[in-house]
Amino acid sequence: MYPNQGLMFNEFPLDQHTLRDLNRHEKSLGLLTEKFVQLLKEAPDGILDLKMAADFLAVRQKRRIYDITNVLEGIGLIEKRTKNSIQWKGGSAATNGPDIQARLDELQAEVEYLENLEKKVDEHRGKVLQSLKNVQEDLDNLQYAYVTHQDLINIFQDRTMLIIRAPPGTKLEAPVPENPMEQQPVQTIFSLKRSYKVHVKSFTTPIHVLLVNQEEGSDKARVLPVPATSDSIALARRPAAKSN
């Protein structure tokens, strides 16, 4: 049924402790599947309330019930009637013929396979996260942890940027822009624009702010210090350069 299953797990060999845990989990899941199917067969008209089934089977994690019903629905054995009830449609609910048993075996195998696969994915995700953490904490990598002004210009073309270098714990606030239409004469409304402000406050070392823009007629970055000078204000207000 799963031609790649052996190949997939051969690539990630399991130790004996993991195998014991998986076998115990598979056995528990298999028993739960058998009990759930038997309960479904005995339900009037093949209609079963999932909350009642979870309580009757003493299932703490209702996700396991939904895993079973999702697969049953996927292979066409049941259909949802309401959010929490299902109905058997793969034949008579009391039928226990070879075809039904084969489908139930298929269901159990698929659920077990997906549970094993999920466990392995979680393990490898943890290894990847640990590898990323090791790279970030390696002191030899710190010399490459930067971007240049030209990098920013290449990414945010035809934009004016404010670059803020501040120590840890710096407080930054961006108030809602003021509405120029409030408390202004009607004749001046169309000549006004919203005022955008950013407040940055450090309680330790100074904050350094740079204005970065693209030189007119060039792809090179122009960097000016802030507080603004007359040159930086003129640069910020000029129209963005149009590409040919």
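A residue counts as buried under 20% relative accessible area, as exposed over 50%, and as partly exposed in between, with a 1.4 Å probe and protein chains only. By that scale Glu173 is partly exposed, at 38% relative accessibility.

The model is predicted, and local features need pLDDT of at least 70, side-chain atom pairs count only at pLDDT 80 or more, and totals for chains, interfaces and linings use all residues. Residues are numbered from 1 along each chain as its sequence is written, and side-chain values use heavy atoms, with hydrogens and water left out.

The protein has 244 residues, of which 24% are buried. A contact means heavy atoms within 4.5 Å. Of the contacts between residues at least 6 apart in sequence, 62% join residues at least 24 apart.

Three of the strands form an open sheet in the order β4-β7-β8, with antiparallel pairing. Strands β4 (161-165) and β8 (221-226) are at the edges and have a single partner strand each, so one side of each lacks a neighbour in the sheet. On average, neighbouring strands here are turned by 30° against each other, direction ignored, where the axes are lines fitted to C-alpha atoms. Two strands pair if DSSP finds at least two bridges between them; β4 and β7 (residues 208-214) have five, in the antiparallel sense. Arg165 stands opposite His208 in β7.

Side chains of opposite charge can pair when their charged atoms come close. A salt bridge is a side-chain nitrogen of Lys or Arg within 4 Å of a carboxyl oxygen of Asp or Glu, and by this rule there are three.

One joins Arg63 and Asp67, with the closest N and O atoms 3.4 Å apart. Both lie in helix α4 (residues 62-74), and because they are four residues apart, about one helical turn separates them. Arg63 is partly exposed at 42%, and Asp67 is partly exposed at 23%.

Another joins Glu123 and Lys120, at 2.5 Å. These two are three residues apart in helix α5 (residues 98-137), about one turn. Glu123 is partly exposed at 26%, whereas Lys120 is buried at 7%.

Glu173 pairs with Lys171, at 3.4 Å. Lys171 is partly exposed at 43%.

Technical notes. Axes fitted to C-alpha atoms, helices over the stretch in contact; angles between N-to-C directions.
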